[in-house]
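User: I would like to go through some labels used for this model. Please set each one against its definition.

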Amino acid sequence: MSTLADHFRTAFVTGASTGLGRAFADMLLADGVEVWGTARDTARLPARPRFHAVALDLADGAAAERTFREADAAAGGFDLVINNAGFGVFGDFAATDFALWQHQLEAMLVNTARLAHAALPGLRARRRGALVNVASLAAEFPLPFQSAYNMAKAGLAALSESLMTEVAGSGVVVIDLRPGDYRTDFDGAVRRDPAAFTPRMARVWDAFAAMMRSGPPPAHAAAALRRALLARRSGTVRTGRFFQAQLAPLLARFGSLRLRRRIQERYFDVTP
């Protein structure tokens, strides 16, 4: 049976301390891949054989790129790069300081794209490997009161789509991974001010938090990514509970935009 180590010697995974990033690192290590995993605080990265802890903060794009290039050189060139790191901000767009939205967009879109830009020349020169950009189903079904997150993930998905065309025939694979709600600590890490919540915002937040708590475990997303990597084809991979990852996109494809918005309203209890 083929394993990922048959195709990828080394991997670089951002945001590897918890949640999906931790599950991706665990999955790669179990398949024999040597992993460089990042966190802002390396104390949050557990020591394991063939795992290299890397301190990286996407808030500083230039520093993040330098860190990536240093790790890439130490690894002898990464065969697999997974851009996973990110964070949430929950709030009314107009009532929240724009600096916070800008910070999120710069970290999760601009500086994540910068890492992809740094990784691709080496992958193309070696004519093998894969770049995985972890977007979100929020690119298709935007989350209420998480406007910059939606913009960042939609932008990342669009970047992946562009790169799939650009790397065609090069031996490099680009995967646009779009997870739905998973049982991680993401909702606990979302930056928010409950004191500023309106009743409507409170209902939406409660619905969002409940869906996160009841979602599949992160290993489910890791298994979906593993299958996609073994297939060695560029493309979009939706993963999550059945309704989010399969049924809702099907309804959106064949239904109207109005229907999609109605589904969103009911799903998040966002009606006025």
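Analyst: R232 lies in the loop between α7 (218–231) and β7; helices (H or I, at least four residues) and strands (E, at least two) are DSSP runs, numbered from the N terminus. This is a predicted model, in which local features need pLDDT of at least 70 and side-chain atom pairs count only at pLDDT 80 or more, while totals for chains, interfaces and linings use all residues. Residues are numbered from 1 along each chain as its sequence is written, and side-chain values use heavy atoms, with hydrogens and water left out.

User: Why is R232 called exposed?

Analyst: Buried means under 20% relative accessible area, exposed over 50%, and partly exposed in between (1.4 Å probe, protein chains only). R232 has 52% relative accessibility, so R232 counts as exposed. Its phi is near 60 degrees, a positive value in a residue other than glycine.

User: Why is F145 called buried?

Analyst: The relative accessible area of F145 is 18%, therefore F145 counts as buried. F145 sits in the loop between β5 (130–134) and α4, and its phi is near 65 degrees.

User: What makes M151 partly exposed?

Analyst: M151 has 41% relative accessibility, so the label is partly exposed. M151 belongs to helix α4 (residues 147–166).
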